Amino acid sequence: MENTIKQWQAAIYLRLSKEDGDKEESDSITNQRELLLSHIERNLPDVSIVTEKVDDGFSGANFQRPKFIEMMEEIKAGKINCVIVKDLSRFGRDFGESGKYIEHVFPFLGVRFISVNDGYDSLNKKDRNSDLVVPVLNLINDAYCRDISVKIRSQLETKRKKGDFIGAFAVYGYVRDMNNRNKLVVDEAAADIVKLIFRWKLDGMSALAISDKLNKMGVLSPYEYKKSLGLNYSAPFAKSSRTLWSAVAVFRILKDETYLGVMVQGKCSTPNHKVKKRFIKPESDWARVGGTHEAIVALDDFNLAARLMESDTRTSPGAETVYPFSGMAKCGLCGENMIRKTVKSNGKSYVYYVCCRSCKGVRIAEKDLTQAAEITLRSHINNIINLERILDFIDGLPLKKDEVQKLDGQITARRYEIERYEKLVFSLYESLQSGVITEEEYRQMKARYNNLKNDAEQAVLSLSKEIDDIISLGGEKNNWIEHFRQHNDFTNITRRMVITLFDVITVYPESRLDVLFRYRYDYERAISFALAVSQIHKIPEAEVLREGAA
């Protein structure tokens with residue numbers, strides 16, 4: 001009878017989590033507290049409440065909860081020897097872990113455990129059947145938690161695939177739409193900083209130089225900016241009293257597709273509702289939806305920044321930006337980068353680009369490389385401007401419509417062919433069933449008709465592409481021309497021009513160069529189109545050339 005007169009030092013434990021599906025009003029923290037206090041006052045005169053532990057917003061799928069851990073420390077220190085909960089689901093929803101505490105840990109530590117609604121009191125077991133109550137209820141709670149977890153995961157995945165934003169905080173440069181919490185809208189103040197970062201990167205600045213410049217300007221880092229907006233934001237990397245911009249933060253922005261208007265979510269996950277250790281999912285499993293919000297950065301600028309991050313971007317000594325040809329000049333013998341070297345002779349300094357592997361003869365003076373690049377670029381820009389005039393000239397003739405109509409007629413004829421072959425295959429089956437042809441003849445003729453049908457389908461695809469090409473050439477889709485035309489009157493070549501207009505500059509022995517420009521596929525396609533139109537419609541070549549030179 002000693003246990004009946006012992007004064008128990010109790011902790012009432014309260015827990016609530018929407019992640020577990022705990023939405024009933026009866027499970028609110030307030031109602032849990034009132035129920036426990038009332039029960040203790042009426043039925044447990046030998047119990048004294050010494051503390052209350054509340055884990056509000058923590059899942060019952062595991063026991064890594066701050067107040068539960070705190071309670072266990074006080075139990076081990078001898079301050080608590082009784083734990084009271086509303087029911088076993090408030091204590092935890094993990095079958096194995098709940099059973100371990102109730103059946104092993106608590107008895108070993110001399111702790112009395114009471115679950116009010118389940119009628120369970122480890123001190124007063126009335127019969128042997130009470131030993132079955134805890135395992136059965138724990139198993140039910142565990143199954144319930146697993147079912148809720150599966151439903152929540154499914155709902156979140158559906159939202160991701162729709163392009164709904166489901167993150168806790170919007171990426172730097174955006175905020176949640178006040179009228180639709182699953183949509184992002186541009187935060188103009190932060191968006192201006194994002195645009196600056198991309199502009200500086202394209203101008204040749206390294207990520208470290210960009211972060212240093214932002215810190216000198218007093219621009220708040222993404223972490224500090226979110227805090228300044230009153231958001232309850234925290235990050236594991238925030239160790240100092242004031243978090244500054246870093247190269248890592250800059251790289252994170254330069255690589256984020258969100259700034260293109262693309263919602264990319266579901267990069268990380270957990271194995272299940274019990275294991276909370278996160279892992280990176282394969283990129284093919286990410287939810288990627290375009291056009292969900294306004295873009296801050298142009299696609300060309302984003303791709304150029306990505307290209308620069310893969311290149312050599314050593315910063316000039318004492319300067320913020322890299323050398324104009326860093327990462328763009330390659331050795332023609334080994335394919336590796338050319339590196340910039342300064343040689344002093346007779347009190348003068350001479351700058352050369354040499355192969356980083358020292359391939360024999362692969363060397364060019366910087367002034368010669370710069371001069372050759374400028375001459376080649378001017379010539380290419382002139383050719384493109386002339387080509388643009390030719391395309392505009394063709395676009396103004398009644399040729400494009402005629403050409404599209406001809407191709408469309410061919411597509412219609414091919415589609416009739418496809419229908420005819422489908423009907424023939426069907427009639428073959430009827431002939432087989434009626435005994436007109438043998439099974440071997442059926443297979444051979446069916447294969448032949450299917451091959452002809454596939455050829456017709458491929459022809460439709462090819463003709464459709466031709467129509468798309470004709471419509472795009474000479475029209476608004478020739479945006480690539482603008483990249484060159486805006487530099488028509490340049491005086492000195494800059495880093496931005498090099499990375500925007502050049503693809504690669506290959507250096508061979510004896511300072512021979514091979515220059516490849518960007519958009520060369522578009523350039524060659526436009527030339528082929530102009531020549532094809534002039535030949536098909538018998539436009540005198542002199543007329544086309546005269547228009548191009550006009």
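Predicted model: local features only at pLDDT ≥ 70, side-chain atom pairs only at ≥ 80, totals over all residues.
Let me start with Tyr-172, which, leaving out residues up to four places away in sequence, touches Ala-190, Ile-193, Val-194, Val-219, Leu-220, Pro-222, Tyr-225, Lys-226, Trp-245, Ile-253 and Tyr-259, where contact means heavy atoms within 4.5 Å. Residues are numbered from 1 along each chain as its sequence is written, and side-chain values use heavy atoms, with hydrogens and water left out.

Now to the rings. The structure holds 22 aromatic pairs, a pair being rings of Phe, Tyr and Trp (its six-membered ring) with centres within 6.5 Å, and with planes under 30 degrees apart called stacked, over 60 edge-to-face and the rest tilted. In the pair of Tyr-172 and Trp-245 the centres are 5.7 Å apart and the planes stand at 80°, so this pair is edge-to-face. The pair links distant parts of the chain, 73 residues apart, with Tyr-172 in the loop between α5 (130–162) and β6 (174–177) and Trp-245 in the loop between α8 (222–228) and α9 (247–254); helices (H or I, at least four residues) and strands (E, at least two) are DSSP runs, numbered from the N terminus.

Pro-222, placed in helix α8, is buried at 17% relative accessibility, and, leaving aside neighbours within four places in sequence, Pro-222 is in contact with Tyr-172 and Trp-245. Between Pro-222 and Trp-245 there are 7.8 Å in space, C-alpha to C-alpha, although the two are 23 residues apart in sequence.

Which residues have the most contacts inside the largest nonpolar core? They are Tyr-172, Trp-245, Leu-377 and Phe-502, in a core of 76 residues, and by nonpolar core I mean a set of buried Ala, Val, Leu, Ile, Met, Phe, Trp, Tyr and Cys residues joined through side-chain atoms within 4.5 Å. Helix α6 (residues 188–202) gives this core its largest share, nine residues. Apart from it lies another core, of 18 residues, including Phe-91, Ile-102, Phe-113 and Tyr-120.

Definitions and conventions
Buried < 20%, exposed > 50% of the residue type's maximum accessible area, 1.4 Å probe, protein only.
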